[in-house]
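Here are my notes on the aromatic contacts. Please read them with the model open.

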Amino acid sequence: MNKIVKSCQDNISCSDMLQQLYGISSAEHFDCVFIAPSWPIDKVFDSATTDIAEIYSDRFSKSHRIKHNGKSYLYIQLQVGAPNIVDFCLSCHSANCAKFVFVGSVGSLVPELEIGDVIVPTCSISGNGATLYLDDKLSPEKMFERTYSSPELNAELSRVCTSVGMSTKDATPISIDSIACEYAHLDEFRQMGATLIEMETATFFKAMQIIGKPASALLVVSDNSAVGQHLVGQGADLRAKYHAVRSRIKDVLLNL
């Protein structure tokens, strides 16, 4: 068992962290887990055509079981930010789950990545503090390191997207701690090689690698600071373009 997971488990004194903290039994099998910090389940799935049941809900998280075509999926909405992501991921160390997919929106830092583009990133740059805590020792020099998703799961995601008529792109997000503070550093982020910006994927990829679970991300571009298409005050036409793509994400997720 990983040192960080073991120390956490020892100090909270429970045999099933996932059950204790999130109301989800580690014994229950899920074919895929969808982690969505900013997307409520009703923004993605239609309960009229999909078997959805709430598993657990509190002020920190909401989780649902989705059954479709003989498969069982877990959809969990967490609060935004890497600290919430890392705690859930580490709690999944003994979960009976085949694969994990982070789903959500992402901002573009370059003109060529447009609103509505679907991204399956190979890696993410860690521009947040939470990722540093996933090492045995705190090493500030590892700030801005790259963390990586599962190549096999990325290929599966891209293949399913193609099968439902959606194209994907591989681009590099940087995960940051503050929306308000990001704008003063956008040029620095681009110099690091980041073409997208969000808050969680770098931590998600590293946490899942630590617990030995395959993980990938499926992101939809919601805004583009490079061309002045900001999330706040965005025009109705651009919002409609983003939501039209997001409404199709369920077709991908239910085929994993």
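1. One aromatic cluster is made up of F34, F45, Y73 and Y75. Bear in mind that the model is predicted.

2. The structure holds six aromatic pairs in total. In the pair of F45 and Y75, the ring centres are 5.7 Å apart and the planes stand at 90°, so this pair is edge-to-face. The angle is over 60 degrees, the cut-off for that class.

3. What does this contact tie together? F45 lies in the loop between β2 (32–35) and β3 (51–57), while Y75 belongs to strand β5 (residues 71–78), so the pair joins parts that are 30 residues apart in sequence.

4. The cut-off for buried is under 20%.

5. F102 and F204 also form an aromatic pair. Their centres are 5.8 Å apart, with 45° between the planes, and the pair is tilted.

6. The pair of F102 and F204 links distant parts of the chain. F102 sits in strand β7 (residues 100–108) and F204 in helix α7 (residues 201–210). They are 102 residues apart.

7. F102 is buried, with a relative accessible area of 2%. F204 counts as buried at 0% relative accessibility.

8. A charge also meets a ring here: the charged end of R246 sits over the ring of W39. The distance to the ring centre is 5.4 Å. That is within the 6 Å limit for such a contact.

Key:
Residues are numbered from 1 along each chain as its sequence is written. This is a predicted model: local features need pLDDT of at least 70, side-chain atom pairs count only at pLDDT 80 or more; totals for chains, interfaces and linings use all residues. Side-chain values use heavy atoms; hydrogens and water are left out. Rings of Phe, Tyr and Trp (its six-membered ring) pair if their centres lie within 6.5 Å; planes under 30 degrees apart count as stacked, over 60 as edge-to-face and the rest as tilted. Helices (H or I, at least four residues) and strands (E, at least two) are DSSP runs, numbered from the N terminus. Buried means under 20% relative accessible area, exposed over 50%, partly exposed in between (1.4 Å probe, protein chains only). A charge sits over a ring if NZ of Lys or CZ of Arg is within 6 Å of the ring centre and within 35 degrees of the ring normal.
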